[in-house]
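I am keeping these notes while I go through the model entry by entry.

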Amino acid sequence: LGEVLEEGAKDGSIRPDVNAEAKAAIFIGLIQFNALKWLLSGFKYSLSDKSDNLWKSYRKNIEVKKRK
């Protein structure tokens, strides 16, 4: 995962100013947190809906900002 993020930073699709290892750890943490929260809730909500929201937030924070 870190290598993929490094490649994205090199090709300009992902922000290069954040360490790839940190971006990978945050991504894995989002998955683990979301799965644990879902488990503890007794599977009472749509995991995919919550995952979509987390993914959108994560992507927004790692992608290169487009200039207007």
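Is Asp17 buried or exposed? I note first that the model is a predicted one, and in it Asp17 counts as exposed, because its relative accessibility of 56% is over the 50% cut-off. I then looked up its place and found Asp17 in the loop between α1 (2-11) and α2.

**Entry: the salt bridge.** I searched for salt bridges and found that the structure holds one. I identified its partners as Asp17 and Arg15, whose side chains meet at 2.7 Å, N to O. For Arg15 I noted a relative accessible area of 23%, so Arg15 is partly exposed.

**Entry: Lys23.** Leaving aside neighbours within four places in sequence, I listed Leu5, Ala9, Ile14, Arg15, Val18, Tyr58 and Ile62 as the residues in contact with Lys23.

**Entry: the nonpolar core.** I next looked up the largest nonpolar core, and its six residues are Leu5, Ile14, Ala20, Ala24, Tyr58 and Ile62. The elements that contribute two or more residues to this core are α2 (20-40) and α3 (47-62). I then followed Ile14, which touches Leu5, Gly8, Ala9, Lys23, Ile62 and Val64 when residues up to four places away in sequence are not counted.

**Entry: the surface patch.** Which residues form a nonpolar patch on the surface? I found Leu36, Leu39, Leu40 and Phe43, which together have about 440 Å² of accessible area. I placed Leu36 in helix α2, and noted that Leu36 is partly exposed, with a relative accessible area of 47%. Phe43, by contrast in location, sits in the loop between α2 and α3, and its relative accessibility of 48% makes it count as partly exposed. I also checked the backbone of Phe43 and found phi near 60°, a positive value in a residue other than glycine.

Methods. Residues are numbered from 1 along each chain as its sequence is written. This is a predicted model: local features need pLDDT of at least 70, side-chain atom pairs count only at pLDDT 80 or more; totals for chains, interfaces and linings use all residues. Side-chain values use heavy atoms; hydrogens and water are left out. A nonpolar core is a set of buried Ala, Val, Leu, Ile, Met, Phe, Trp, Tyr and Cys residues joined through side-chain atoms within 4.5 Å. Buried means under 20% relative accessible area, exposed over 50%, partly exposed in between (1.4 Å probe, protein chains only). Helices (H or I, at least four residues) and strands (E, at least two) are DSSP runs, numbered from the N terminus. Contact means heavy atoms within 4.5 Å. Patches are made of residues with over 30% relative accessible area and no salt bridge: like charges are joined within 9 Å, nonpolar side chains (Val, Leu, Ile, Met, Phe, Trp, Tyr) within 5 Å. Accessible areas come from the Shrake-Rupley method with a 1.4 Å probe; for residues, only the protein chains shown count as cover. A salt bridge is a side-chain nitrogen of Lys or Arg within 4 Å of a carboxyl oxygen of Asp or Glu.
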